[in-house]
Amino acid sequence: KVKTSLFCLDINPFACYLAETNLLIQVIDLLKQVKEIGNLRECTINRFQVYNTDSLLLPQTENIRSALLNPLLDLELTTVSEIKTRTGKFTNGFDFVVGNPPYVRAEEPDQLIYRKTIVAQDRFATLHKKWDLFIPFIEMSKRLLKSETGRLGIITSNAYENAPYAEKSREMLCQGMTFLQIDFFENVRLFSDAAVNNV
């Protein structure tokens, strides 16, 4: 069930390897428990569904590098594309979406082309003023949820609370969603390398 119902997307290949390793460690304990009570005959886990991809951009078929890998990469490309567009077996959406989007300010010089690419996709309605990169992540996360029952957990910059560029995003979340909990981490550094406070 862990293998078939958990899907992870991250742009950092090392983060993907860490996620798969951590999942394997967690599942090994479960397998040991089942084996001890005699219910485990044979189980193999080739890999978990952790995909190295840019979550905000739709996959491009030209990224496939080798004819030998085409069938495997086609399957992965199809799965990632269906997740991002909520199509195929993901039409109904996810029960839970959990995210820790990057905190990249609009003024970052190396982000201009990337931001233009995101805008050109015409997939995000909450891009407003000088939006930070976490704004489209929040919109995409809400879009991936099951309509009535899905739950969203996001850790983001506390600028989200009152920044003008987050206004459309806050309005989107308030439409049709119920907030169960908001945690403020005043004077607590959750990430030592981040220059922001979190919420």
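A: Let's begin with the second largest pocket, which has a volume of about 1,000 Å³. Here a pocket is an open set of points on a 1 Å grid over the protein atoms alone, where a 1.4 Å probe fits, with protein on both sides within 12 Å along at least five of seven lines, and lining residues have an atom within 4 Å of a point. Grid points are joined across faces, edges and corners, and the volume is the space filled by probe spheres set on them.

This is a predicted model, so to speak: local features need pLDDT of at least 70, side-chain atom pairs count only at pLDDT 80 or more, and totals for chains, interfaces and linings use all residues. Residues are numbered from 1 along each chain as its sequence is written, and side-chain values use heavy atoms, with hydrogens and water left out.

Back to the second largest pocket: 35 residues line it, and Leu152, Met177, Thr178, Phe179 and Gln181 are the closest to its centre. Strand S4 (151-154) gives the largest share of that lining, four residues; S3, H5 and helix H6 (167-174) also give two or more each. Helices (H or I, at least four residues) and strands (E, at least two) are DSSP runs, numbered from the N terminus.

Now the largest pocket, with about 1,400 Å³ of space. Of its 44 lining residues, Leu9, Asp10, Val98, Gly99 and Asn100 are the closest to the centre. Two or more lining residues come from each of strand S1 (7-10), helix H2 (13-36), strand S3 (96-99) and helix H5 (134-143), and H2 gives the most, with five.
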